[in-house]
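Me: I am new to this structure and would like to learn how to read a few of its features. Could you walk me through them?

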Amino acid sequence: MVEVPGSHTGWTFVTNHARVLAAIADNPNVRIRDIAARCRLTERAVQRIISDLEQDEYLSHTRDGRTNTYRIQPDKVLRHPAEAGLTVASLLSLLVRDETDRAHGPAGHASRLTGASGAR
C-alpha cells in the first residue's frame, strides 16, 4: 500500500479537485491509489473528488474488468464566477505537462517559464 504523506498546512494555489483532474488527464487509466499518492490525499478523498467531478459532469468513466478508464469533458466551463468562460481544457493546459516538457524534465519546464535568458 502507498503511504500518503501528512496533510499540508496553509494555503495552496491549486485545489485538490484540480490536482485529481490533472492526474487523470495525465493518465486516463490511473488507479485511485496512484492518484492519492501523487496528490498527497487519501484514497477515500480521491473517491469523493471523482464522485463530485462525475456528478457535475466534468468526468465520466467506463469500467473494463478491474480497470477504470476516465473521460474528461474538456469543453465544460469551470464553476466559479471568477473563471466564467474558462474551460477544463484551459485549466489542464496549465497543470499537465506535455510529452515535450517531460523529455526535458523539470528544468525544461522551468526554463520555458523564465524565458530564454533565464532571468528570474
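Reply: Gladly! Keep in mind that this is a predicted model. Let's begin with a pocket: sorted by class, the residues lining the largest pocket are eleven nonpolar, four polar and four charged.

Me: What is the volume of the largest pocket, and which residues lie nearest its centre?

Reply: The volume is about 530 Å³. Of the 19 residues in the lining, T15, H17, A18, L78 and L91 lie nearest the centre. Two or more lining residues come from each of α1, α3 and α4 (88-95), and α4 gives the largest share, with five residues.

Me: How do the axes of α1 and α3 cross?

Reply: Angles of 65 to 115 degrees count as roughly perpendicular. The axes of α1 (residues 16-26) and α3 (residues 43-55) come within 10 Å and cross at roughly 85°, so these helices are roughly perpendicular to each other. On the α1 side, N16, H17, V20, L21 and I24 take part, meeting V46, I49, I50, D52 and L53 of α3. By class, this contact has seven nonpolar, two polar and one charged residues.

Me: Is Y58 buried or exposed?

Reply: Buried means under 20% relative accessible area. Y58 has 7% relative accessibility and therefore counts as buried. Its place is in the loop between α3 and β1 (59-64). Leaving aside neighbours within four places in sequence, Y58 contacts several residues, including L53, R71, I72 and V88. The C-alpha atoms of Y58 and R71 are separated by 8.6 Å, with the two residues 13 apart along the chain.

Notes: Residues are numbered from 1 along each chain as its sequence is written. This is a predicted model: local features need pLDDT of at least 70, side-chain atom pairs count only at pLDDT 80 or more; totals for chains, interfaces and linings use all residues. Side-chain values use heavy atoms; hydrogens and water are left out. Axes are lines fitted to C-alpha atoms, for helices over the stretch in contact, and angles run from 0 to 180 degrees between N-to-C directions. Helices (H or I, at least four residues) and strands (E, at least two) are DSSP runs, numbered from the N terminus. Angles under 35 degrees count as roughly parallel, over 145 as roughly antiparallel, 65 to 115 as roughly perpendicular and the rest as oblique. Contact means heavy atoms within 4.5 Å. Ala, Val, Leu, Ile, Met, Phe, Trp, Tyr, Cys and Pro count as nonpolar, Asp, Glu, Lys and Arg as charged, and the others, Gly among them, as polar. Buried means under 20% relative accessible area, exposed over 50%, partly exposed in between (1.4 Å probe, protein chains only). On a 1 Å grid over the protein atoms alone, a cavity is a set of points where a 1.4 Å probe fits but cannot get out, and a pocket is an open set with protein on both sides within 12 Å along at least five of seven lines; lining residues have an atom within 4 Å of a point. Grid points are joined across faces, edges and corners, and a volume is the space filled by probe spheres set on the points.
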